[in-house]
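Subject: Handover of a structure

Dear colleague,

Please find below the structure that I am handing over to you.

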Amino acid sequence: MDAVLLLKSLARPRTPWSLRALTASSKARAADTRRRSRSLLLLHRQPTNTHRHFAYAVATRAFGTSAACRSKKPTGKKKMPPKKNVVEEKMQLGRPGNNLKIGVVGLPNVGKSTFFNAITKSAVSAENYPFCTIDPSVSRVAVPDERFDWLVAQYQPSSRVPAFLSVTDIAGLVKGAAEGAGLGNAFLSHISAVDGIFHMIRAFDDPDVVHVEGEVNPDRDLEIIHYELRLKDLAMLNKYISDNQRNIDRMGTGGSADDKKKKDEFAMVVKVRDWVAAGNDVRKGEWTNKEIVVINSQHLLTAKPVTYLVNLSERDYLRKKNKFLPVIKKWIDEHNPGDKLIPFSGDFETKLVNMDDAERAAYLEEIKATSAFPKIILTGYDSLDLMHFFTAGQGTEVRGWTCRKKAKMTDAARNVHNDIADSLIQVDVMKFDELKAAGSEAELKAQGKLYIRGKDALIEDGDIVYFRSGLGSAKK
């Protein structure tokens, strides 16, 4: 019987991978040998990956990992290239948008309304008693820009509209404002409605202008304002925690994805609360993007950017010396490093705005001084992360439009009109420096420097743009 099986085996077609020494001990052994041979033949003839893996496994079990078998080892799927390291763009504290406002904050009688009157040329009451400004006064201040002036001279438009910064005059805070002292609660809500802060500090002695705390002391005044703002933030954060603590406790350690999201948000609020309770402003913390989303939903006062304005006497401003300035600078460097400090004189600026242009220019040339207002406006504008672009048409209109830095073309177009943004196709862009160097729009186009940008491209500060939309008309 064994001899018959051996003869049948030898009679079958032989392959390069047939076994040379086969013992004919049983039918099962012979069948197993043929199965292994077929697997090796499939491997030799370049089969599919599925067959290749199976054949390699059988062959390895039967014959070990010989050099021949290793050479036929299946490669499987190709290894994917490593993913690129995508850096997540850092989110900004504060509400998104382009129509942002900055508020003038400080103790009573430090010069807020005098500053506001001068910078906006408005008629807000500026009497010598606390709380003379009961309702917040808002005004738009033109942003000084030589590029806008050049475009106006170039295009000779019938309408000219510069970019502007909205400034709000907020009545003075006093110690205990967070608990309602003075008119604190109402005015703290006015601060909540703005996006940035001009923190006004008094650095002049004047017996005719009373100080609410009795004497001029910038260190103390700074501490009062910052303490009251932090105290209001703590009250808002603690209210959120007390309102949600029971629901969070009920969720336990498990729960749905929505429950997990609520617990994460609650933990973030607790983290921010602890940061503020330690005497820190929210804007000085290092926060992740998820934490910034939660912070922005709370509308916290200490999350707003601050620019410090130091009100000097006219004499100190012109001679550029003041005994309080080093003290104020030291306090800012210790508590809020990196914040901007700008000295100015409310009396001096008031004198300037009451002169006509020619008289003002001659006076400034005579005393070798400059107004601090352009620097103040541009610093406040920059603190809100704002920039502006232009639309310009020959003989029609030159206009500056405000938008956030790193805005897309669609976001910029939305300032002009929502319909233009929704149907935007492309944008014709001229760079201001290139237009000025060329001398005219026609020459710029002849040089091939009119750029076509898609709706998802980023707009840059000072771009002159023409929006092409599906409405059949565009804004230029």
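The notes below describe the sheet, some helices and the aromatic rings.

This is a predicted model, in which local features need pLDDT of at least 70 and side-chain atom pairs count only at pLDDT 80 or more, while totals for chains, interfaces and linings use all residues. Residues are numbered from 1 along each chain as its sequence is written, and side-chain values use heavy atoms, with hydrogens and water left out.

The sheet

Six strands make up an open sheet in the order 2-4-1-5-6-7, with mixed pairing. Strands are DSSP runs of E with at least two residues, helices are runs of H or I with at least four, and both are numbered from the N terminus; two strands pair if DSSP finds at least two bridges between them. Strand 2 (137-142) and strand 7 (340-344) stand at the edges with a single partner strand each, so one side of each has no neighbour in the sheet. From one strand to the next, the twist averages 25 degrees. Strand 6 (residues 306-311) and strand 7 run parallel and are joined by five bridges. L309 stands opposite I342 in strand 7.

Helix 15 (residues 373-383) lies across strands 1, 2, 4, 5, 6 and 7, and runs at about 155 degrees to strand 7. Axes here are lines fitted to C-alpha atoms, for helices over the stretch in contact, and angles run from 0 to 180 degrees between N-to-C directions.

Helices

The axes of helix 9 (residues 257-277) and helix 10 (residues 289-298) come within 10 Å and cross at roughly 75 degrees. These two helices are therefore roughly perpendicular to each other (65 to 115 degrees). At their contact (heavy atoms within 4.5 Å), E265, M268, V269, K271 and V272 of helix 9 meet K290, E291, V294, I295 and Q298 of helix 10. The contact residues divide into five nonpolar, one polar and four charged. Here Ala, Val, Leu, Ile, Met, Phe, Trp, Tyr, Cys and Pro count as nonpolar, Asp, Glu, Lys and Arg as charged, and the others, Gly among them, as polar.

Helix 5 (residues 112-120) is largely enclosed by the rest of the structure, because eight of its nine residues are buried. Buried means under 20% relative accessible area, with a 1.4 Å probe and protein chains only. The buried residues of helix 5 include F115, F116 and I119. Just after helix 5, K121 takes a positive phi of about 55 degrees.

A buried loop residue

D145 is placed in the loop between strand 2 and helix 6 (146-155). With 14% relative accessibility, D145 counts as buried. Leaving aside neighbours within four places in sequence, D145 is in contact with H388 and F390.

Aromatic rings

Rings of Phe, Tyr and Trp (its six-membered ring) pair if their centres lie within 6.5 Å; planes under 30 degrees apart count as stacked, over 60 as edge-to-face and the rest as tilted. By this rule there are nine aromatic pairs. W150 and F432 have ring centres 5.5 Å apart and planes at 85 degrees, so the pair is edge-to-face. This pair links W150 in helix 6 to F432 in helix 18 (residues 432-438), 282 residues apart in the chain. Both W150 and F432 are buried. F115, F198, F344 and F373 form one aromatic cluster.

Yours sincerely

Conventions. Parallel < 35°, antiparallel > 145°, perpendicular 65-115°, else oblique. Buried < 20%, exposed > 50% of the residue type's maximum accessible area, 1.4 Å probe, protein only.
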